[in-house]
Amino acid sequence: MPTRPTHDVVVIGAGVVGAACAFYAARAGLSVAVIDRGPVAGGTTGAGEGNLLLSDKQPGPELELAKVSALLWQELADELGAVFEYEPKGGLVVAADPAGQLALAAFAAKQRAAGVTAHEVTADRLAEYEPHLAPGLAGGFHYPEDAQVQPALAAAHLLRAAVRAGAALHLGERVTALLTGPGGAVRGVRTDRRELAAGAVVNAAGTWGGQIARLAGVELPVLPRRGFVLVTEPLPRVVRHKVYAADYVADVASGSAALQSSGVVEGTPSGTVLIGATRERVGFDRTVSAPALGRLARQAAALFPFLADVRVLRAYRGFRPYLPDHLPAIGADPRAPGLLHACGHEGAGIGLAPVTGLLIAEQLTGRRLSTADPVDTAPFRPDRFA
């Protein structure tokens, strides 16, 4: 391999997490190259809804990450402008019955104690937030800190900013090997077109993160978790918030491999309504599941009855990179010096991308790069599954 590094760091993956890693590393003055076997946002990012959520996270390490990341998304929107459709529109979680509302209240109380803003909404006030919600719901909670972006645009503009800061972007190149130096330290990548020597390599390969880790001789048990989303015809802005049923929180935390679905409905600046969300572990099977799509449609219409008469233009699916404890792997891998991981975020990767990129850049440079509160990275150690 080349003896002289051509870059300080090579980032594998041009989704939103890899883009954020490249953005913060390049802004910190590092020489960066980004490699992806496909186009920008060609994997999980391009199949995401763009959720930036606090409302679905239990108090703990992931919520602490999300709180910092929410602030960073606001900073990015101010710095880069409205190019990726950042919408701080808030979320509304609704309960079908009194027992569900009590459960939401208990969950919200724990989140408030962890610093999240949550307002109870009684049944008679739900229409103030969402006039077209189904009647008869027991109530809900409003989370004003929830937001949304267009994920593919977010990845593209973060990478564009990184390139302006000097980063190189190589698309359509598959990583076939990791280059190693003395003592087996990771010192670059080999693709089907070139070799790039580097001081470090960041594994931001999403659902393929486990495969990249194995190239370095280490195990990272990333599994794909398939999800479908329905997209309606363009409508006037009739859904104001991200609205979801209370059982969505349980689905996010579940480790079940079986098909799960819970109603999640949100409008977009283009007028389309996005309807999710399903979760199932079926490997990389891309088969369209009629039962999954039908269940989504029924659950969405139960929340917003007018949707029963709205045309669905298309459905898309993607694979969330799932780790067994539902926490991402972020940071240096002590089993393979020179290799850092930034993958395994499951359905929270878009929301957690900025804080992940910032933490990776801080580890690469060895210095603090933000005024945000420090984050304890110990729960995200890549070697915690050994």
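What does Pro269 count as, buried or exposed or something in between, and at what relative accessibility?

Author: Pro269 counts as partly exposed, at 48% relative accessibility. Buried here means under 20% relative accessible area, exposed means over 50%, and partly exposed is the range in between, with a 1.4 Å probe and protein chains only. The model is predicted, so local features need pLDDT of at least 70 and side-chain atom pairs count only at pLDDT 80 or more, while totals for chains, interfaces and linings use all residues. Residues are numbered from 1 along each chain as its sequence is written, and side-chain values use heavy atoms, with hydrogens and water left out.

Pro269 sits in the loop that runs between strand E14 (260-267) and strand E15 (273-279). Helices (H or I, at least four residues) and strands (E, at least two) are DSSP runs numbered from the N terminus. Apart from neighbours within four places in sequence, the contacts of Pro269 are Glu85, Glu87 and Arg237; contact means heavy atoms within 4.5 Å.

Lys242 and Glu266 form a salt bridge, with 3.5 Å between the closest N and O atoms. A salt bridge is a side-chain nitrogen of Lys or Arg within 4 Å of a carboxyl oxygen of Asp or Glu. In contrast to Pro269, which is partly exposed, Lys242 is buried, with a relative accessible area of 2%, and Glu266 is buried at 0%. Lys89 joins Lys242 and Glu266 in a network of salt bridges.

The whole structure has 19 salt bridges. One of them links the side chains of Glu79 and Arg27, at 2.8 Å from N to O. Glu79 lies in helix H2 (residues 61-80) and Arg27 in helix H1, so this pair connects parts that are 52 residues apart in sequence. Glu79 is partly exposed at 45% relative accessibility, and Arg27 is partly exposed at 44%.

Arg190 and Glu195 form another salt bridge, their closest N and O atoms being 2.9 Å apart. Both are partly exposed, Arg190 at 34% and Glu195 at 32%. The strands here are E10 (residues 186-191) and E11 (residues 195-203), which form a hairpin with three residues between them. E10 and E11 run antiparallel and are joined by three bridges; strands pair if DSSP finds at least two bridges between them. Gly188 stands opposite Ala197 of E11. E10 also pairs in the antiparallel sense with strand E9 (residues 175-180), over five bridges, and Leu178 has Val189 as its bridge partner in E10.

Val202 is among the residues with the most contacts inside the largest nonpolar core, which has 72 residues. Such a core is a set of buried Ala, Val, Leu, Ile, Met, Phe, Trp, Tyr and Cys residues joined through side-chain atoms within 4.5 Å. Helix H1 (residues 16-27) supplies the largest share of this core, ten residues. Beyond four places in sequence, Val202 touches residues including Val10, Ile12, Cys21, Leu340 and Ile360.
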